[in-house]
Amino acid sequence: MSSHPIVELTSASSWAMVEDKFSPYAKETLAKLVKFVNDEILPASRLAHEQIPVEFEKRWKFVSPVIEELKGKARKLGLWNLFLSKAHYPKHGVPLTNIEYALMAEVLGRGGQMASESVNCSAPDTGNMEVLARYGSPEQQEKWLIPLLNGETRSAFAMTERFIASSDATNIRTSIRQEGDEIVINGHKWWISGAGDPRCALHLVLGKSDPNNSDRYRQQSIVIVPANAPGVKVIRHMKVFGYDDAPEGHCEIIYENVRVPLSNLVLGWGKGFEIIQGRLGPGRIHHCMRSIGAAQMALDLMLQRVTDPMKKTFGKYLYEHGTVIADIAKSRAEIESARLLVLSAALQIDKFQAKGALKEIGIAKFVVPSMALQVVDRAIQSFGAEGLSQDQTLAQTWANLRTLRFADGPDAVHIQQIGQRELKRADDLHKRTAEMRQKEKAVYERYGMKPRL
């Protein structure tokens, strides 16, 4: 087994399991990314946060100078658009597989949102770029995708709606209808991440274009809406446990008689559900990859805290008290287990695309964020009240992770789907068991005995 800088951030066993699946280019890129995160991103993290203005109006017009500087450095190093696999997107992708990007995303997860943005791999732009790369027309790609790939603009994905249960996408009420050579959009959305950013150039809006279609999954379409189009009204910036996540934010938006050219329709009428399924699969696994990095970072902070001689209580290190060592062990085991889930899902996506990895993606989606929340919570406990404060990153990390149990589908939906998928195995299990019982009976008869049951 060769040495690699990733081992210091993950584990030797994890690397040994996937090393042979990494190309020389991927190994080199991963090593460069580890160095870039450690030497450039993490030292700038606190500054990037403190640069965000306190004043409300200024917060939503702010573009971080330090992140822009990091973006320039990252691009020169070739650490750019790492999420977009050339195998699936030959024209725009980079020569990395999903399993190779999995460990890279974990490394980025250590630095939060700014780390991913610094290498142009942050949500919701990643999912939107995949939509445009896979389903967009050449004209749409030229106008909207290329600036996103270059890190010049940002984007939003407008699906979730107020007043309805949006976890069932067939409930969406936003109206998308054709009038001549234009499309007219009317709807009320909220929790639209990224829409607050002053660089946000487009919203991918999901709505109903054929509400009377007998096929509930052919009623929806997706339209590109310029962020500055007349009728796009940002009502307010939602807060997550008190955090507004400026400047990207999570916005409540009303689309009132918004008109866009017919050419802004993505893929075709009634293709909305097909598109969101293609988009959400990779997005879900990207969230899981980053969550493992966040959990690992929290565990690292906890280890430093409980071994700090300045934080001794009653003459003992914190790790010498109560269940601290047990908590450390549980966190280590949970992170390792979750990483295997994510790597398995990433490998399935590489082999069979997202549609062929629905089971693995679904399991990871409801297991990994909950795991990471538990690990971060233990770390917070080791810091005492400081762990809840702005002086540590843990509270905001916890808040961000908690949203993932809703984002891209709530846990309950994924659990239900996995449970239903498992139930489909029951008939075959009954059949196999019956066949085994017949063979069992024959074995008993050969020895002149009868089963006791």
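Which residues form a nonpolar patch on the surface? In this model, which is a predicted one, the patch is formed by Val443, Tyr447 and Met449, and together these residues have about 340 Å² of accessible area. Tyr447 is found in the segment that follows helix 14 (426-446), and with a relative accessible area of 62% this tyrosine is exposed.

Since Arg59 lies in helix 3 (residues 56-59), while Asp244 belongs to the loop between strand 6 (232-237) and strand 7 (250-261), the pair ties together parts that are 185 residues apart in sequence.

Another salt bridge joins Glu334 to Arg378, and here the closest N and O atoms are 2.9 Å apart. Glu334 is in helix 10 (residues 324-352) and Arg378 in helix 11 (residues 358-383), so this pair ties together parts of the chain that are 44 residues apart in sequence. Glu334 is partly exposed, its relative accessible area being 26%, whereas Arg378, at 10% relative accessibility, counts as buried.

The side chains of Glu179 and Arg177 also meet in a salt bridge, at 2.2 Å from N to O. Glu179 is partly exposed, with a relative accessible area of 30%, and Arg177 is likewise partly exposed, with 35%.

There is also a network of salt bridges, which links Glu68, Lys71, Glu117, Asp125, Arg154, Asp197, Arg199 and Glu248. Arg199, one of the residues in that network, is touched by Thr153, which also touches Pro147, Leu148 and Ala201, if we do not count residues up to four places away in sequence. Thr153 itself lies in the loop between helix 8 (138-149) and strand 1 (154-158), and it is buried, with a relative accessible area of 17%.

Now to the aromatic rings, where the structure holds six aromatic pairs. One of them is the edge-to-face pair of Tyr217 and Phe273, with 4.6 Å from centre to centre and 70° between the planes. This pair links distant parts of the chain, 56 residues apart, with Tyr217 in the loop between strand 4 (200-208) and strand 5 (220-226) and Phe273 in helix 9. Tyr217 counts as partly exposed at 42% relative accessibility, while Phe273 counts as buried at 17%. A further pair is that of Tyr317 and Tyr319, whose ring centres are 5.5 Å apart and whose planes stand at 20°, so the pair is stacked. Tyr317 is partly exposed, with a relative accessible area of 23%, and Tyr319 is partly exposed as well, with 31%.

I will end with a histidine in helix 9 (residues 272-306), namely His287. Is His287 buried or exposed? At 16% relative accessibility, His287 counts as buried. A polar contact of 3.1 Å joins its side chain to that of Arg290, and, leaving aside neighbours within four places in sequence, His287 is in contact with Ala123, Leu404 and Asp408.

Conventions
Residues are numbered from 1 along each chain as its sequence is written. This is a predicted model: local features need pLDDT of at least 70, side-chain atom pairs count only at pLDDT 80 or more; totals for chains, interfaces and linings use all residues. Side-chain values use heavy atoms; hydrogens and water are left out. Helices (H or I, at least four residues) and strands (E, at least two) are DSSP runs, numbered from the N terminus. Buried means under 20% relative accessible area, exposed over 50%, partly exposed in between (1.4 Å probe, protein chains only). Contact means heavy atoms within 4.5 Å. A polar contact is a pair of N or O atoms within 3.5 Å; within protein, one must be able to donate a hydrogen and the other to accept it, and residues adjacent in sequence count only if both atoms are side-chain atoms. Patches are made of residues with over 30% relative accessible area and no salt bridge: like charges are joined within 9 Å, nonpolar side chains (Val, Leu, Ile, Met, Phe, Trp, Tyr) within 5 Å. Accessible areas come from the Shrake-Rupley method with a 1.4 Å probe; for residues, only the protein chains shown count as cover. A salt bridge is a side-chain nitrogen of Lys or Arg within 4 Å of a carboxyl oxygen of Asp or Glu. Rings of Phe, Tyr and Trp (its six-membered ring) pair if their centres lie within 6.5 Å; planes under 30 degrees apart count as stacked, over 60 as edge-to-face and the rest as tilted.
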